Amino acid sequence: MTHARLLACHECDLLQVDADLPEGGVLRCRRCHGELYRNRANSLGNALALSLGAAVLLAIANSYPIVGLSVNGTLVETTLIGAVDVLYIDGMWPIALLVFLTTVAIPAVQVASMLWMLIPLRFNRVPWGAATVFRLARLAQPWGMTEVLIIGLLVALVKLAHIASVVVDVGLWSFGILMLVLAAASAAFDSRDLWARITALQNPGGQTGGSLSLPRGWLSAARCGLMQCHDCGLLVKAPAHAQGLCCSRCGASVHFRKPDSLARTWAFLLAAMVLYIPANVLPVMYTSSLFGAEKDTIMSGVVYLWTSGSWLLALVVFVASVAVPMLKIIAIAFLSISTQVHSRWNPEQRTRIYRVVELVGRWSMLDIYVITMLVALVQFKALATIQAGLAAVAFGAVVVLTMFAAMSFDSRLIWDADGPDHAGQLKHA
C-alpha cells in the first residue's frame with residue numbers, strides 16, 4: 001500500500017502529513033527540524049542545463065594541465081590523471097585509486113547519471129534503467145569531492161611557491177568552475193520531481209495516490225508498519241514478517257532500521273581509531289633534495305604553512321586533517337554509546353551532531369590531495385623529489401572508514417528511545 005500524502009522524516013522517522021509548498025518553500029520536520037522537501041522552481045530543467053555545463057568542464061579539467069612548476073628552465077606540468085599515475089608508479093596505488101575515484105570517476109558518474117535521466121525526460125520519455133541509474137547516482141553522491149580538491153590545490157600552490165615558479169594552467173580554472181556548477185546541479189536536482197515525472201509518463205492520467213489523514217497518536221513510520229525508501233522517498237506498508245524488501249519504485253533495499261547499524265558503525269570506527277595513530281605519527285611525505293632528505297608528518301606540514309606566513313591555510317589544514325578526523329571519531333563514538341544505552345538526553349541535539357559529522361567528513365581528504373599534487377610536480381630528479389609516505393595510506397583509510405561509520409549509523413535509533421509522542425505536523429520555513 002503506497003501512501004502518497006504521508007511523509008516519514010529520514011532522520012527521526014516521524015510520520016507526518018505532506019503539504020503543498022509555494023515556490024522556494026521548505027518543508028521541515030516538526031520534531032528534529034530536518035529538511036523533508038524543498039520546492040525548487042524548474043528543478044529538472046535547471047539541473048539538465050547545469051549538468052551539460054559540468055560535462056564540458058569535466059572534460060576540459062581532465063584534459064589540460066592543472067599547474068606547472070618551473071625550475072632553471074625546466075617546466076614540469078601535470079594533469080589530475082597524470083598525478084594519479086605518478087602515485088601508482090611510486091607504489092602508492094591505494095592513494096592513487098582513492099584520488100582517482102573521488103575526483104575523476106565519481107564526478108563523471110554524477111554528471112553522466114543526471115544526464116542519462118534528465119535528457120529523456122526533456123523529450124517526455126521514460127529513461128531506460130532509471131531505477132538502477134538513480135541508485136548509482138545516490139551511491140556516488142557522498143564521494144564526489146571536487147570542492148575539497150580545489151582547497152587542496154590551493155594549499156599545494158602555497159607550498160610549491162616556496163620551491164619554484166608556479167604556472168597556473170587551464171585545468172585549475174576549469175576545476176574551480178566545475179566545483180560551482182556541479183554543486184549547483186546537485187542542488188537543483190529534485191528526486192521527488194524526477195519520480196513524479198516518471199510516474200506521470202508511465203501512468204498517463206492515472207492517480208498518484210489518495211490523500212490520507214494521520215491518526216492522532218501515531219509517532220513513527222515504523223510503529224505504523226511503514227518503511228520509507230532512503231533513496232527515492234517512497235513510503236510503503238511492509239508485509240508481516242517482511243525481510244529483504246526492495247523499493248517498488250527504485251529497487252533500493254528498504255528496512256525499518258539499517259541492519260546491524262551499531263555493530264557495523266563500531267567496526268568501522270574501531271578500525272579508524274587504530275589507523276589514526278600511524279596516520280599522525282608516521283611520515284606522510286618524503287622529500288629528497290640537494291640539501292638532504294626530510295620526513296614530514298601532517299603536523300609538520302601545518303607548522304611549515306604557519307611559519308611561512310600562510311596562517312589561514314595552516315588553520316584550514318589543521319582543522320581538516322587533524323581536528324576533524326579526531327572530533328568525528330569522538331562524535332560517532334558518543335552517538336553510538338548514547339544510542340546503545342537508550343539515552344533520552346536531548347535527541348534533537350544529537351541529531352544535529354550527526355548532521356555535522358556527515359557534512360564535514362569529506363574535508364579530511366584535503367591533505368591527500370595536497371600530497372598528490374606535490375608528489376606529481378616535484379620530480380626534478382637530482383634537484384628535488386617528493387614521495388608519499390605510509391601515513392598517507394593510513395590517513396586515507398581513516399577518512400574512508402569514518403565516512404562508512406557515519407553512513408552505517410542510523411539516526412532514527414536516537415529517537416526510538418524517546419517514547420511515544422503526539423502526531424507530527426509540518427512546519428514551513
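Trainee: How are α3 and α12 oriented to each other, parallel or perpendicular?

Mentor: α3 and α12 are roughly perpendicular to each other, because their axes cross at roughly 110°. Angles of 65 to 115 degrees get that label; under 35 degrees is roughly parallel, over 145 roughly antiparallel, and the rest oblique. The axes of α3 (residues 93-122) and α12 (residues 366-377) come within 11 Å. Axes here are lines fitted to C-alpha atoms, for helices over the stretch in contact, and angles run from 0 to 180 degrees between N-to-C directions.

Trainee: What kind of model is it, and what's left out?

Mentor: It is a predicted model: local features need pLDDT of at least 70, side-chain atom pairs count only at pLDDT 80 or more, and totals for chains, interfaces and linings use all residues. Residues are numbered from 1 along each chain as its sequence is written, and side-chain values use heavy atoms, with hydrogens and water left out.

Trainee: Back to the packing. Which residues meet between α3 and α12?

Mentor: From α3, Ile95, Val99, Thr102 and Thr103. They meet Ile368, Tyr369 and Thr372 of α12. Contact means heavy atoms within 4.5 Å. By class, that is four nonpolar, three polar and no charged residues. Ala, Val, Leu, Ile, Met, Phe, Trp, Tyr, Cys and Pro count as nonpolar, Asp, Glu, Lys and Arg as charged, and the others, Gly among them, as polar.

Trainee: Is threonine 103 buried or exposed?

Mentor: Threonine 103 counts as buried, because its relative accessibility is 1%. Buried means under 20% relative accessible area, exposed over 50%, and partly exposed in between, with a 1.4 Å probe and protein chains only.

Trainee: What does threonine 103 touch?

Mentor: Leu80, Leu149, Phe175 and Tyr369, not counting residues up to four places away in sequence. A polar atom of the threonine 103 side chain also lies 2.5 Å from the backbone oxygen of valine 99.

Trainee: And α2 against α3, what's the geometry there?

Mentor: The axes of α2 (residues 80-89) and α3 come within 7 Å and cross at roughly 165°. The two helices are therefore roughly antiparallel. Their crossing is left-handed, meaning the near helix is turned anticlockwise from the far one by less than a right angle; clockwise would be right-handed. On the α2 side, the contact is made by Leu80, Ile81, Val84, Leu87 and Tyr88. On the α3 side, Trp93, Ile95, Ala96, Val99, Phe100, Thr103 and Val104 take part. These residues divide into eleven nonpolar, one polar and no charged.

Trainee: How do α1 and α6 cross?

Mentor: At roughly 160°, with the axes of α1 (residues 43-63) and α6 (residues 170-188) coming within 8 Å. α1 and α6 are therefore roughly antiparallel. α1 passes α6 in a left-handed crossing. The contact includes Leu50, Gly53 and Leu57 of α1 and Ser174, Phe175 and Leu178 of α6. By class, it has 16 nonpolar, seven polar and no charged residues.

Trainee: New topic. Where is threonine 339?

Mentor: In helix α10 (residues 311-340). Threonine 339 is buried, because its relative accessibility is 7%. A polar atom of its side chain lies 2.7 Å from the backbone oxygen of leucine 335. Take leucine 413: it is 74 residues from threonine 339 in sequence, yet 6.6 Å away, C-alpha to C-alpha.

Trainee: What about proline 259, where does that sit?

Mentor: In the loop between β11 (253-254) and α8 (261-281). Proline 259 is partly exposed, with a relative accessible area of 38%. Aspartate 410 is 151 residues from proline 259 in sequence and 9.2 Å away, C-alpha to C-alpha.

Trainee: Now the whole chain. How many helices and strands?

Mentor: The protein chain has 14 helices and 15 strands. Helices (H or I, at least four residues) and strands (E, at least two) are DSSP runs, numbered from the N terminus. Buried residues make up 49% of the 429 residues. Among contacts between residues at least 6 apart in sequence, 73% join residues at least 24 apart.

Methods. Polar contact = N/O pair within 3.5 Å; in protein donor to acceptor, adjacent residues only side chain to side chain.
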